[in-house]
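Subject: Structure for you, with notes

Hello,

Here is the structure, with the sequence alongside. My notes on what was found in it follow below.

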Amino acid sequence: MPTFDYAPAPESRSIVDIQPSYGLYVGGEMVDPIDGTRFKTVNPATEEVLSEVVAAGPQDVDRAIAAARAAYDRAWSRLSGRDRGKYLYRLARLVQERSRELAVLESIDNGKPIRESRDVDVPLVAAHFFYYAGWADKLDYAGFGPDPRPLGVAAQVIPWNFPLLMLAWKIAPALACGNTVVLKPAETTPLTALAFADICQQADLPPGVVNVITGAGVTGRTLVEHPGIDKVAFTGSTEVGRQIARSVAGTRKKVTLELGGKAANVVFDDAPLDQAVEGIVNGIFFNQGHVCCAGSRLLVQESVADELLAGLKRRLTTLRLGDPLDKNTDIGAINSAEQLDKIRMLSEVGETEGAERWSPPCELPERGFWFPPTVFTGVSQSHRIAREEIFGPVLSVLTFRTPGEAVDKANNTPYGLSAGVWTEKGSRILWMAQKLRAGVVWANTFNRFDPTSPFGGYKESGYGREGGRHGLGAYLDV
Amino acid sequence: MTVTIPAGFADVTASDDTLRRFLHGLPGVDQVGVEARAATLATRSIKTTAKAFALDLAIRMVDLTTLEGQDTPGKVRALCAKGRRPDATDPSCPSVAAICVYGDLVPAAVEALAGSNIHIAAVATAFPSGRAPLDVKLADTKAAVAAGADEIDMVIDRGAFLAGRYLDVYEEIVATKQATGDAHLKVILETGELATYDNVRRASWLAMLAGGDFIKTSTGKVSPAATLPVTLVMLEAARDFRSQMGRQVGVKAAGGIRVAKDAVRYLVVVNEVAGDDWLSPDWFRFGASSLLNDLLMQRRKLATGNYAGPDYFTLD
C-alpha cells in the first residue's frame with residue numbers, strides 16, 4: 001500500500017449520449033443501410049457492448065460516393081476558399097465546445113486514458129481544423145502555382161489508435177482544398193466519427209461534403225477500389241497499405257499511405273537522462289503503444305545503458321494502469337482482443353528468442369483487454385521483437401557503442417516513420433537527423449505533434465505527407 | 001560535526017577543478033522536457049480520501065514563515081500560536097512542522113513554542129542576499145543556534161556559484177554546517193538567481209555533498225521563487241544522491257506556493273519523483289505563510305461540504 005494512495009477520480013460518462021444503434025452519415029443525414037449488416041462495438045476496458053453500428057455494403061458505399069460527388073459538383077467546389085474556411089473554423093470551434101464529450105467518448109470506445117484524449121487528441125483535432133481553415137483561402141500562396149484545383153471525392157480510411165485525430169488529419173486538409181470526402185472509421189472505434197457527423201450537421205455543412213460510413217476491412221476495400229473516387233488516403237497497417245497500392249495502380253486515383261513503423265529512440269551517453277526516460281515512456285507507453293510512430297526500439301549507448309535502464313524501470317513502477325476514464329490513469333486498455341492476442345504472441349516470441357522480459361508489478365483488471373507495460377532487454381537486431389511492429393506497450397532495448405553504429409541499427413528496418421535522438425550536443429542532433437531515414441526525427445522529445453508539421457514515412461512506412469503546407473499537396477491536383 | 005563523503009567521491013571536493021568537473025559531468029536537464037513532465041504531473045486529480053490525506057500532510061509540512069523588517073516578538077508569538085493550533089475550531093487539525101523567523105526573533109519563538117514538537121527554524125548567513133564576510137555569516141548562524149533554533153536556513157553565495165567558484169560555495173556550506181552543530185541545516189539555493197535547471201541540479205549536488213540536511217529552493221525574496229519543475233529537479237537530485245551516497249536529504253519548496261491546489265501538486269511530484277520515503281515532514285517542507293489558511297479552508301470544505309468565508313480562519 002503506497003503512502004499516498006490516489007483515490008479514484010473518474011470522469012463522468014453522463015456527458016455522452018450513446019445511442020443503441022447508428023446508421024450511416026450520408027448526404028447530410030443519418031440513414032439506414034441498404035445492404036449493410038449490423039455489428040456491435042464494445043468498450044475494450046470492460047467488454048460492455050456500447051452500440052450497434054452498420055457494416056456498410058457495396059450499395060451503401062455507392063450511395064455515399066454519389067452523395068460526395070453531388071456535393072462536390074454542386075456545392076463545395078464552387079464555394080470560395082474563404083467560405084470553405086468559414087465552415088472549417090466552425091467545425092474547429094464546435095470540436096472545442098464539445099471537447100469534453102468527444103474526449104470521454106473516445107476513451108470509452110478506444111480504451112485510451114482520458115488524460116490523453118482530453119489533453120492530446122481532442123485539442124490536436126481542433127488545432128488541425130483551425131490550421132487548415134487558415135489555408136482554405138490562401139492556396140494560391142501555398143507553393144503549388146496559381147489557383148490549384150481540388151481532386152474531387154476522397155476516400156479516407158482511418159485506424160483505431162487515434163480515431164478522431166486521424167479523422168481530423170484526413171478531413172481538414174481535404175475540405176480546405178475543396179474536396180468532399182467519404183470517411184470510414186475503424187471497425188472497433190466508430191463512435192467519435194459518428195459524433196463528428198453530428199458536428200457537421202450542427203455546423204450546417206452542405207449535405208454530402210462529409211460522409212461517414214462504418215464497417216470493417218471489406219467496407220474499406222469496397223470504398224478504395226470504387227471507380228467513383230479520385231483520391232485514397234489511408235492510415236493503417238503496411239499489409240493493407242500494400243493491397244491498396246496494388247488496387248489503385250494504373251488508375252487516376254492519387255494515394256497517400258501512412259503505415260507501420262518500428263522507430264528507434266536513440267539515447268547517447270550525454271543525454272539529459274531523466275528527460276530521456278520520460279521520452280522513452282512517452283515514446284512507447286503513450287496510448288498503450290498503439291502509435292505507428294512509437295519509439296518501440298530503444299537504442300542506448302552501452303556506457304549509460306545500466307543507469308538509464310535503472311531509471312526507466314523505476315519510472316515504470318509509477319505508471320498507473322486501469323480505468324481509462326480515471327483522470328489519473330496513464331495506461332489504458334488494449335483496443336481489441338485481436339490486438340491483445342498479437343501483442344501476447346510477439347511477447348512470447350521475444351522470450352523464446354532469448355530476450356529478457358520485465359514488467360513492473362501491476363494488477364490487471366479482470367474484464368477487458370489489458371497488457372502490462374513491458375520491457376525486453378538483451379534484444380538484438382535479429383530478434384523478431386526488434387523488427388516487427390508490435391503496436392502495444394512493449395519496448396525492445398538494444399545497445400550501441402558509436403554514433404555510426406546507432407545510425408546503422410536505427411536505419412536497419414524496412415520501416416522509416418519516425419526516430420528520436422537524445423543528446424545535449426546540438427551538432428550531433430543535426431548529424432543524426434541527416435542520417436536517419438525517417439519521416440520525423442524528434443530531438444530530445446518524442447511523440448510531439450503539431451498541425452504545422454508534415455508527418456509521413458520513408459520506405460514501407462508509406463508515402464505522402466499529412467500536416468503542414470505539405471499536407472495540402474495530397475489533396476490538390478498538382 | 002564533520003561530513004563523511006563515501007569512497008569514490010572523496011576527491012571530488014579536493015580542488016575547484018575536480019569539483020567543477022564532477023558537477024559539470026552530471027547529466028544535463030532538458031528544460032522543455034522537465035517542464036512538460038511537471039505540467040503532466042500537475043494534471044493528477046486528487047480527490048476525496050487522497051485529498052484529505054494530502055491536505056493534512058501539507059499542513060504538517062509547513063514551515064510557517066515571517067521574514068519581514070517589521071517583525072516583532074508579538075508577531076512571532078501570534079504565528080507560533082497559529083502553528084500550534086492552525087484551526088482553533090478543530091482539534092483534529094495537525095500542527096505545522098516549524099516556525100521560520102529571523103535569528104534575533106528566535107527567543108520569542110522558543111518561549112511561545114515551549115512544550116510543543118514544532119521546530120524553530122532561523123534564517124542565517126546574511127539572509128537573503130548572503131553578501132557578508134564568512135565570519136559574520138558564521139556568527140549569525142551560531143547566534144541563532146545558541147538562541148534555540150534547531151533548524152538553520154542558510155543561503156549559498158550565488159555570486160561565487162555563478163562565477164564558477166564552486167569550492168568557495170562548498171567550503172562555506174561545510175563551515176556553516178559545522179557552526180550549526182546538532183541543528184538541521186537547510187541550504188537555500190535561490191534557484192531564481194541560478195536561472196537554469198542545470199545550475200539547479202549542480203547546486204543541489206554541491207549542497208548535498210557539503211553536508212546539507214535539506215536543499216531549499218528560495219528565500220522568497222526573489223522572483224521566481226519555488227516552481228514545480230525546479231522542485232522536481234531538486235527531488236531527482238535528492239533521489240539520485242541517496243542511491244549513490246546512501247544518505248537521504250530533504251527538500252523544501254519555499255515562496256510562491258499560496259493555494260492548497262498547488263501544495264497538492266507538489267506532493268504528487270514528491271510522490272512520483274522521489275517516492276514514499278520523502279512523503280513526511282522530516283523530508284519535505286513548504287516554506288509559506290498564506291498557504292496555511294487555504295489548506296485549512298479546503299480541509300474544512302472537504303469535511304463539511306461547504307466553504308467557510310475567509311473570516312472564519314485567523315490572520316496571524
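**Contact between the chains**

The contact between the two chains draws 24 residues from chain B and 21 residues from chain A. On the side of chain B that touches chain A, α2 (31-41), α3 (48-60) and α12 (260-274) of chain B each supply at least two residues. Of these elements, α3(B) gives the most to that side, with 5 residues. Sorted by class, the side of chain B that touches chain A holds 10 nonpolar, 7 polar and 7 charged residues. Please keep in mind that this is a predicted model.

**Chain B: helices α1 and α8**

How do the axes of α1(B) and α8(B) cross? Helix α1 (residues 16-24) of chain B and helix α8 (residues 166-180) of chain B have axes that come within 8 Å and cross at roughly 95 degrees. α1(B) is therefore roughly perpendicular to α8(B). From α1(B), the contact uses D16(B), L19(B), R20(B) and L23(B), while α8(B) contributes Y166(B), L167(B) and Y170(B). By class, the residues of this contact of α1(B) with α8(B) are 5 nonpolar, no polar and 2 charged.

α8(B) itself has 15 residues, and from its first C-alpha to its last it reaches 21 Å, close to the 21 Å expected at 1.5 Å a residue. Which residues of α8(B) are buried? They are Y166(B), V169(B), Y170(B), E172(B), I173(B), T176(B), K177(B), A179(B) and T180(B). The elements that cover these buried residues include α1, α6 (134-147), β4 (151-155), α7 (158-162), β5 (184-188) and α10 (197-209) of chain B. After α8(B) comes G181(B), which has a positive phi, near 60 degrees.

**Chain B: strands β1 and β2**

Strand β1 (residues 62-65) of chain B pairs with β2(B) in the parallel sense, over 3 bridges. Within this pair, T65(B) has C100(B) of β2(B) as its bridge partner. In strand β2 (residues 98-102) of chain B, 4 of the 5 residues are buried, so the strand is largely enclosed by the rest of the structure.

**Chain A: the sheet**

Chain A has an open sheet of 7 strands with mixed pairing, in the order β12-β13-β14-β11-β10-β15-β16. At its edges stand β12 (356-358) and β16 (440-443) of chain A; each has a single partner strand, so one side of each is left without a neighbour in the sheet. From one strand to the next, the twist averages 20 degrees.

Further in, strand β10 (residues 264-267) of chain A and strand β11 (residues 297-301) of chain A run parallel and are joined by 4 bridges. N265(A) has L298(A) in β11(A) as its bridge partner. Helix α11 (residues 337-352) of chain A packs on the sheet and touches β12, β13 (374-377) and β14 (394-400) of chain A. The direction of α11(A) makes about 135 degrees with that of β12(A).

**Chain A: helix α5**

Helix α5 (residues 163-176) of chain A has 14 residues and spans 20 Å from its first C-alpha to its last, close to the 20 Å expected at 1.5 Å a residue. Why is α5(A) described as largely enclosed by the rest of the structure? The reason is that 14 of the 14 residues of α5(A) are buried. α5(A) is followed by G178(A), whose phi is positive, near 100 degrees.

Regards

Methods:
Residues numbered from 1 in each chain as written. Chains lettered and ligands numbered in written order. Predicted model: local features only at pLDDT ≥ 70, side-chain atom pairs only at ≥ 80, totals over all residues. Contact = placed C-beta atoms within 7 Å. Nonpolar A, V, L, I, M, F, W, Y, C, P; charged D, E, K, R; others polar. Axes fitted to C-alpha atoms, helices over the stretch in contact; angles between N-to-C directions. Parallel < 35°, antiparallel > 145°, perpendicular 65-115°, else oblique. Expected span 1.5 Å × (residues − 1). Buried ≥ 20, exposed ≤ 12 C-beta atoms within 10 Å, placed from the backbone. Pairing = 2+ DSSP bridges.
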